[in-house]
Each structure stands twice: as C-alpha cells, then as structure tokens.
Amino acid sequence: MRTFEDTYRHKGLRKKLVDLLKEKGITDERVLEAINTIPRHYFLDSAFDEKAYEDKAFPIAVGQTISQPYTVAYQTQLLEIKPFDKVLEIGTGSAYQASVLAEIGAQVFTIERQKALFENNKRFAYLKKYPNIKFFYGDGFEGLPTFAQFDKIIITAAAPFIPEKLIAQLKTGGKMVIPVGEGAIQRMLRLTKLADGTYSEEIFADFSFVPMLEGKEGAGK
Ligand code: SAH
C-alpha cells in the first residue's frame, strides 16, 4: 500500500535531505531542486513513509531496491543533463531516478527486466506528471536500438562489464554513467564516446548496487 499525500512534514524532511546531499558534495542545483520537488515517499510502501527521506536505499517489489538519494543525485550530476537530452536508463526499479531525470528536462527511455516492476509503474498515477518518460520491459544489455542514439546512458544496477551494445547506442560526445564490478562493491565510471567509436573513461567513487542481470524476469508467467 502506498499513500499519496504530500504534507508539510514530508516537505520539511525533503528539505533536510537536500541539505544533507549538499553537505555530501552534491552541487548541481537542478538535481537538488528535483529531489526537493519529488515526493520520494510516493515511490515506497507507506510503511516506509518517513524513512523515505533518510539517505538510504530501500526494498521495493521482487527483491529490488530504490537507490539511495545520494546515489541518484551523484549519478544524475555526473550525467550533466541538458534540457531535451535523450537519456536511456537501465533498471527502472521504482522509477524514482527516471522521475529525477524527467524533472530536470530529459527525455527518458527506461528499461526494466522485472515484469512486476514494469507493470507497477504503468499503474503509478504520479508518473502521469512525466509524459517525457517512456517505459520498456526488456533486457537492458540490449538497450533500445530502435530509439538510439542517446545523448546519455545511465545504468542503475551493478554491471559486470561495459556492455558494447550500449556504447554503440551512444552519440559521439555522449556520456554513460555506469557502476562496474562483479563483487559487492562497484566503481562508478563515466565514459565519453569518441568520434572513432571508442570511449574515454573517468573513474569516480565506490557504490553498491543490485546486480545487472541478463534476460527478462516474469515473461509469460
Ligand atoms: N533506478 C532505480 C534503481 C533500481 S535497482 C530506482 O530509481 O529505483 C536496479 C534495477 O535494475 C532493478 O529493478 C533490476 O530489476 C533492474 N535490472 C537489473 N538488470 C537489468 C537489465 N539487464 N535490464 C533492465 N533492468 C535491469
């Protein structure tokens, strides 16, 4: 069960979360403003109502998580979104990250491999606010060749390697933000696609995501 009421208490907690993110080093005003605007508690079961504004990841359906606000802010900041950027997200999950991207003006294409999560988001009324998010059920390792190429690509699950098919779907000069690693900890990378089809790599901090898995879950069941 979820509740859809945004009280002064929620707004106050959200403001405190934004202050905390600033203290932790998030500087992009548009990212901070999006987090201040979006009621994160709408994306969680009402049992977590107040916890929604702690800087923590939380469980959602089918063993998946909503990313920690700091992680969402960090990845979004690294993407350097410009208005109308075409952004591919791998791992829709709760759709919170997709909403942050949409709130700052991106055209978002987001893929989820868990049918149950994809279906939940279709029924999630708040998301009607963002006609600039398109939802897809599929395997993110394949990307969305029909809609390529993208200005930006964000992976919100732990990638065991850099998927070449996704590099191919990035524009020249486009950027991909991807946590890479097979163990419990992944390293955040930002790749920039070069004119010759290869990419340059910048290395950032360590994070811990649920794994990026091949194939789809829930089809035909
Ligand atoms: N961006 C999400 C974070 C969800 S956690 C949010 O804001 O809540 C990562 C999600 O990636 C999970 O829902 C998981 O099912 C999904 N995922 C993992 N591997 C995937 C793949 N190959 N393709 C698409 N989604 C994938």
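Throughout this account, Ala, Val, Leu, Ile, Met, Phe, Trp, Tyr, Cys and Pro count as nonpolar, Asp, Glu, Lys and Arg as charged, and the others, Gly among them, as polar. By that scheme the shell around the ligand has 11 nonpolar, 12 polar and four charged residues. The model is predicted, so that local features need pLDDT of at least 70 and side-chain atom pairs count only at pLDDT 80 or more, while totals for chains, interfaces and linings use all residues. Residues are numbered from 1 along each chain as its sequence is written, and side-chain values use heavy atoms, with hydrogens and water left out.

The shell consists of 27 residues, of which Gly-91, Ser-94, Glu-112, Gly-140 and Leu-213 are the closest to the ligand; a residue belongs to it if one of its heavy atoms lies within 4 Å of the molecule. Several polar contacts (pairs of N or O atoms within 3.5 Å) can be followed here. A polar side-chain atom of Ser-94 is 2.7 Å from an oxygen atom of the ligand, and a backbone N or O atom of Gln-97 is 3.1 Å from an oxygen atom of the ligand. For Gly-140, a backbone N or O atom lies 2.7 Å from a nitrogen atom of the ligand. Taken alone the ligand exposes 580 Å², and the protein buries 99% of that, with areas from the Shrake-Rupley method and a 1.4 Å probe.

Two or more residues of this shell come from each of strand S2 (65–66), strand S3 (86–90), helix H4 (96–103) and strand S4 (107–112), where helices (H or I, at least four residues) and strands (E, at least two) are DSSP runs numbered from the N terminus.

The ligand sits in the largest pocket, in the sense that more than half of its atoms lie within 2 Å of the grid points. A pocket is an open set of points on a 1 Å grid over the protein atoms alone, where a 1.4 Å probe fits, with protein on both sides within 12 Å along at least five of seven lines, and lining residues have an atom within 4 Å of a point. Its volume, the space filled by probe spheres set on the points, is about 490 Å³. Among the 37 lining residues, Thr-65, Gly-91, Thr-156, Ala-157 and Val-210 are the closest to the centre of the pocket. Helix H3 (69–79) gives the largest share of the lining, three residues.

How values were computed
A polar contact is a pair of N or O atoms within 3.5 Å; within protein, one must be able to donate a hydrogen and the other to accept it, and residues adjacent in sequence count only if both atoms are side-chain atoms.
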